[in-house]
Amino acid sequence: MLRRDFLFRCAALGGLRVGPSLTMADAARGFQQRIQSGTRETAWNEIGPFYKRLAPENPVMRRPGDAGLPLNVTGRIFDTRGNSVQHAKVEIWHADHHGLYDLDGYRFRATLNTDAEGKYRFESVMPGHYPDRVCQHIHYVVTAPGHKPLITQLYFATDPVFEGHPTRNYHRDPLVVSRELVRPVTLMGDPKEIVAEVGFELVLEVL
Ligand SMILES: [Fe+2]
């Protein structure tokens, strides 16, 4: 069944509704064009000087007593055709709450693998600021067979540097080349145990 016919069937069965400004035919045409046009790859960002190979495959980097706001990051890897990328390798590393990188060991460094749906997650703490950089950030290197490697960084909309307006102020850090790398932060849990949750979807270019 064509995707267009599938949409019409969903509408007929009540599983899909379109708003008053759209006809069903317009909505189906727009949806089809959006799928065919694909998605742009995630913006590239500097790798920086603190990358280390062979970080442990441990998504739980946060330990009891670690300073800083607990942070859980979830996301999914897609390609530019909109397909999820399973078994991609996601290497991440960041400074601790005090803005220090572990150069001797592997604290706050991990190698993750996406699951069958292209999803990944890790548990850590919110990185601190450090003198050579303006914004809090987490570094990413994502690799997957058949795709162009992606080097980028995740930033946080709650960073004091943005003063609550990341769209207006993201360029205060000259390395933040794209607003899309700055992600909203959701605070979860109870007042005694607050956890910041952030979603970061990434898109790889197909080779
Ligand atoms: Fe860094």
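## Salt bridges, an iron site and a sheet

K119 and E117 form a salt bridge, with their closest N and O atoms 3.5 Å apart (a salt bridge is a side-chain nitrogen of Lys or Arg within 4 Å of a carboxyl oxygen of Asp or Glu). This is a predicted model, so local features need pLDDT of at least 70 and side-chain atom pairs count only at pLDDT 80 or more, while totals for chains, interfaces and linings use all residues. Residues are numbered from 1 along each chain as its sequence is written, and side-chain values use heavy atoms, with hydrogens and water left out.

**Salt bridges**

- Let's stay with that opening pair: K119 is partly exposed at 36% relative accessibility, and E117 is partly exposed too, at 42%. Here, buried means under 20% relative accessible area, exposed means over 50%, and partly exposed is in between (1.4 Å probe, protein chains only).
- How many salt bridges does a search of the whole structure find? The search turns up 8.
- R133 forms a salt bridge with D173, and here the closest N and O atoms are 2.9 Å apart. R133 sits in the loop between strand 4 (119-125) and strand 5, while D173 sits in the loop between helix 3 (166-169) and strand 7, so the pair ties together parts that are 40 residues apart in sequence. (Helices, H or I with at least four residues, and strands, E with at least two, are DSSP runs numbered from the N terminus.)
- Are R133 and D173 buried or exposed? Both are buried.
- K148 pairs up with E205 in a salt bridge, the closest N and O atoms being 3.8 Å apart. K148 is in the loop between strand 5 and strand 6 (150-156) and E205 is in the segment after strand 10 (202-204), so this pair ties together parts that are 57 residues apart in sequence.
- K148 is partly exposed at 44% relative accessibility, and E205 is partly exposed at 29%.
- R62, R121 and E123 belong to one network, joined by salt bridges that share partners.

**The iron site**

- Which residues hold the iron ion? Y101 (OH), Y130 (OH), H137 (NE2) and H139 (NE2) coordinate the iron ion at 2.0 to 2.2 Å. Donors are N, O and S atoms within 2.8 Å of the metal (3.2 Å for Na, K and Ca), and water is not among the atoms, so sites may look incomplete.
- Along the sequence, the donor residues are spaced Y-x28-Y-x6-H-x1-H.

- In general, strands of a sheet pair through backbone hydrogen bonds, either parallel or antiparallel.
- In this model, 5 strands make an open sheet in the order 3-2-5-6-7, with mixed pairing. The edge strands are strand 3 (109-113) and strand 7 (182-183), and each pairs on one side only. Two strands count as paired if DSSP finds at least two bridges between them.
- Strand 2 (residues 89-93) and strand 5 (residues 138-143) pair in the antiparallel sense over 5 bridges. The bridge partner of K89 in strand 5 is T143.

**One more residue**

- I194 is in strand 9 (residues 193-199), and I194 is partly exposed, with a relative accessible area of 34%.
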